[in-house]
Amino acid sequence: MADNFFARSARAALFNARRRNASFGGKAGYHASVRQSNASPARRISTAAALEQAPGLYPNLPLQTPPDGLPNSNPSTIARKDSIKQAKPFSDFLTDTFNRQHDYLRISVTERCNLRCLYCMPEEGVPLSPSAHLLTSPEIFYLSSLFVSQGVTKIRLTGGEPTVRRDIVPLMHSIGSLRSKGLRELCLTTNGISLHRKLDSMAEAGLTGVNLSLDTLDPFQFQIMTRRKGFDAVMKSIDRILEMNKVGAGIKLKVNCVVMRGLNDREILPFVELGRETDIEVRFIEYMPFDGNKWSQGKMISYQEMLDIIKEKYPDLQRVQGHKNDTSKTFQVPGFVGKMGFITSMTHNFCGTCNRLRITGDGNLKVCLFGNTEVSLRDLLRKGNDGNPVDEEAFEALKQLEMDRHEGRISNETPLGWGEREKELLEVIGVAVKRKKEKHAGMGELENMKNRPMILIGG
């Protein structure tokens, strides 16, 4: 283990726990509706300008002539004020029947992973989709652009393990260009194995947050739970984030720990104590059932049980006020720099304030992590490309269509220049969101529901 502050803290916390013999068993535009009468003029401006900014993927897309007499160049202050007055509060396409506004999109960019965590993947692995079935970078960027144009302000890239995707850094740079169109947060969920090698470039792309999965502070237990080596590399990634934050990188770091009885439950207190002097938030996650992970209620440790374990040593533990859309219940030990949270999907659902949508690696939209209903956005994206993946070459053809519209040879006001297909995508997304249930099934039902393995969902 590298001899650094975080590693020493982890080592000390684990040692203390053992000593105690703890036995706890690119876009913006087209905002509210495809019905142009309901969208403000500024919201209907072509998003080709954002595509033009995307490094390496879609350079030099021409701006489409904006409707309603708005100027071709940067909108004036008057036009911006006017658009604000006319804009709807939030896209109807991303608002469900319980008035939940979905401004957070999680995109799985790969099904592959360099670990085999017990709770995520069956021991024998999973059959991977053919590469042609997975979303290409232009398709991921297009969907990101479309969702941002409808009000999404946070995008999280997941997997599999997103850092194993070969073009993950240029893809992040492309999505990062959407900051000028309303994107506020670009985050990553990772196991940290290779993160430290790419972190600097990701920060330049606009990375704002990292959720890092780490279920043990013991290198030997790590190998048991992940079926792979790599503990030192994970620690190196954590340390690199902490070092970068000292000089102002501003990357929000959260360490996610899935607690399983008999495996890592004795490490709850050592994880808590990582925050004694380190600005880190450890989030304890209730073990959840997915295909192939051999879930049982006996292996699951509830939020309340974990809380009782912590309060036995730290009875003055305090609740920290969070945001209404937070997935975790956050606490802090007085005097500690860091915090801890609990993701209580099994015992105390937070469905009432859910603002998340998911796109799987093969392009399916899931409106609920525990829902088994999916709709393919990929197939609609490829409709005009004979069902083939939209790669950079295919995107060149779409750019030509955009140029034709710009020159007035084709009349179409859709913001990404894809005409009826774009309208159809938004309608399909809207219908799926409207079908979202008030809450997911209860614990007894979830165990028997058919769902993808976690690695094929993307978290």
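## Strands side by side

Strand β1 (residues 104–108) pairs with β2 in the parallel sense, over five bridges. One of the contacts in this pairing joins Ile-107 to its bridge partner in β2, Leu-157. Keep in mind that this is a predicted model.

On to the next pairing: β2 and β3 also run in the parallel sense, with four bridges. Here Ile-155 has Leu-186 of β3 as its bridge partner. To get from β2 to β3 the chain passes through α5, and this β-α-β crossover is right-handed.

## A closer look at β2

How many of the five residues of β2 are buried? Five of the five are, so the strand (residues 154–158) is largely enclosed by the rest of the structure. Lys-154, Arg-156 and Thr-158 point one way, while Ile-155 and Leu-157 point the other way.

Helix α6 (residues 195–205) has the buried residues Leu-195, His-196, Leu-199, Met-202 and Ala-205. They lie on the same side of α6 because they cover an arc of only 130° around the axis. What do these buried residues pack against? Their neighbours are α5 (168–176), β3 (185–190), β4 (209–213) and α8 (231–246).

The face turned away from the buried side carries the exposed residues Arg-197 and Glu-204. After α6 comes Gly-206, which has a positive phi, near 110°.

## A residue in α8

Asp-232 sits in helix α8. Its relative accessibility is 39%, so Asp-232 counts as partly exposed. Asp-232 and Ile-193 are 39 residues apart in sequence, and their C-alpha atoms are 8.4 Å apart in space.

Definitions and conventions
Residues are numbered from 1 along each chain as its sequence is written. This is a predicted model: local features need pLDDT of at least 70, side-chain atom pairs count only at pLDDT 80 or more; totals for chains, interfaces and linings use all residues. Side-chain values use heavy atoms; hydrogens and water are left out. Buried means under 20% relative accessible area, exposed over 50%, partly exposed in between (1.4 Å probe, protein chains only). Helices (H or I, at least four residues) and strands (E, at least two) are DSSP runs, numbered from the N terminus. The arc is that of the directions from the helix axis to the C-beta atoms. Contact means heavy atoms within 4.5 Å. Two strands pair if DSSP finds at least two bridges between them. A crossover is right-handed if, with the strands pointing away from the viewer, the path from the first strand over the helix to the second runs clockwise.
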